[in-house]
Amino acid sequence: MKQDALWDYHCQEITNFINTNKRRPSKYRDEERQMVYWIKYCKKLINQGKMSDARKEKFEQLMNLANKFQRKNQYEYSHKNDETLSLWKDESVFTILKR
């Protein structure tokens, strides 16, 4: 697999993950940690000025999508969606805490 195809594969994998799970990959989960490391590596390349403009543009689109699902704290996401995103299994507990 060529480097461009591999880079596109990783970018698409993270995009699919975010769209499916409605959250960013976590460094605390083993199966998601590699995606987090890839994102950190891409940020490092951008800061060093070593990433091509085409890849940089795609990566910025990916980060814009990821930033929509940034957390405010451990209980809430910063995005407002029609769906209620809750980390609590019992919604009544969440409603009581939110008051």
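A crossing of two helices is called left-handed if the near helix is turned anticlockwise from the far one by less than a right angle, and right-handed if clockwise. Keep that in mind, as it comes back below.

What you're looking at is a predicted model, where local features need pLDDT of at least 70 and side-chain atom pairs count only at pLDDT 80 or more, while totals for chains, interfaces and linings use all residues. Residues are numbered from 1 along each chain as its sequence is written, and side-chain values use heavy atoms, with hydrogens and water left out.

The chain has four helices and zero strands, so-called DSSP runs numbered from the N terminus (helices are H or I, at least four residues; strands are E, at least two). Along the sequence, that reads α-α-α-α.

Two helix pairs are laid out here. Axes are lines fitted to C-alpha atoms, for helices over the stretch in contact, and angles run from 0 to 180 degrees between N-to-C directions.

| Pair | Angle | Axis separation |
|---|---|---|
| H1 and H2 | about 120 degrees | 11 Å |
| H2 (residues 30-48) and H3 (residues 53-67) | about 130 degrees | 11 Å |

How do these angles get a name? Under 35 degrees counts as roughly parallel, over 145 as roughly antiparallel, 65 to 115 as roughly perpendicular and the rest as oblique. H1 and H2 are therefore oblique to each other, and H2 and H3 are therefore oblique too.

Now for the handedness. H1 and H2 cross in a left-handed way. On the H1 side, Trp7, His10, Cys11, Glu13, Ile14 and Phe17 make the contact, and they meet Glu32, Met35, Trp38, Ile39 and Cys42 of H2; contact means heavy atoms within 4.5 Å. Sorted by class, this contact has eight nonpolar, one polar and two charged residues. (Ala, Val, Leu, Ile, Met, Phe, Trp, Tyr, Cys and Pro count as nonpolar, Asp, Glu, Lys and Arg as charged, and the others, Gly among them, as polar.)

H2 also passes H3 in a left-handed crossing. Here Trp38, Ile39, Cys42, Lys43 and Ile46 of H2 touch Lys56, Phe59, Leu62 and Met63 of H3. That contact has seven nonpolar, no polar and two charged residues.

Ile14 touches Pro25, Met35, Trp38, Ile39 and Leu62, leaving aside residues up to four places away in sequence.
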